[in-house]
Amino acid sequence: MAVEKVKYNKTALKAQRDGLAKYEKFLPILQLKKMQLQLVLRQLEPQIEAKVQELSGAAEGIRPWSQLLSDPGVDIKDFLQVQEVRVEMDNIAGVEVPEFQEVVFQETPYSLFATPSWLDPAIDTMRRLVAAREEIRVLREKEALIREELRTTTQRCNLFEKKLI
């Protein structure tokens, strides 16, 4: 690798000083952003794991009465139609990431007298499962966005250090 020959004049000195000023100004900002993104990722991973455990625990709770869901007289899928997943955008270290708010289900009217008594708790439980699944999806999307920004920021830090050192 060829080393650039150092010039000993005022123009070269000014260029070196300007480079040093940029280095001293921008590198700490990039490193701070990198640390902040790493912190958010460390906090996000247990949160995702807890939601996955919650989802699997709720699914295990359904297993004893899951045979009721195959009743031909009631199609529970009609009551689980997702109308909208409400997500609010948040800014973390300059990255726009989604924050889960709620899942809005399409309301389907039904007769309380013509349907079995287990339908109401089944609908509530299944809706909680769908909401937890959507929340996990949004958390994983948030994690992917933060990881991508962390990768970019790390590359910038490395390039900045190597270019100006």
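A salt bridge here is a side-chain nitrogen of Lys or Arg within 4 Å of a carboxyl oxygen of Asp or Glu. The model is predicted: local features need pLDDT of at least 70, side-chain atom pairs count only at pLDDT 80 or more, and totals for chains, interfaces and linings use all residues. Residues are numbered from 1 along each chain as its sequence is written, and side-chain values use heavy atoms, with hydrogens and water left out.

**Stop 1: Arg147 and Glu143.** Select both. Their salt bridge has its closest N and O atoms 3.2 Å apart. Both residues lie in helix 2, four residues apart, about one turn of the helix. Helices are DSSP runs (H or I, at least four residues), numbered from the N terminus. Glu143 is buried at 16% relative accessible area; Arg147 is partly exposed at 39%. Buried means under 20%, exposed over 50%, partly exposed in between (1.4 Å probe, protein chains only).

**Stop 2: Lys33 and Glu149.** Their side chains form a salt bridge at 2.8 Å, N to O. This pair links distant parts of the chain: Lys33 sits in helix 1 (residues 10-62), Glu149 in helix 2, 116 residues apart. Glu149 is buried, at 19% relative accessibility.

**Stop 3: Glu134.** Find this residue in helix 2 (residues 119-164). Glu134 is buried, at 11%. Show its contacts (heavy atoms within 4.5 Å). Glu134 touches Val85, Phe100 and Val103, not counting residues up to four places away in sequence.

**Last stop: the whole model.** Show every salt bridge; the structure holds 14.

Technical notes
Helix = DSSP H or I, 4+ residues; strand = E, 2+ residues; numbered from the N terminus.
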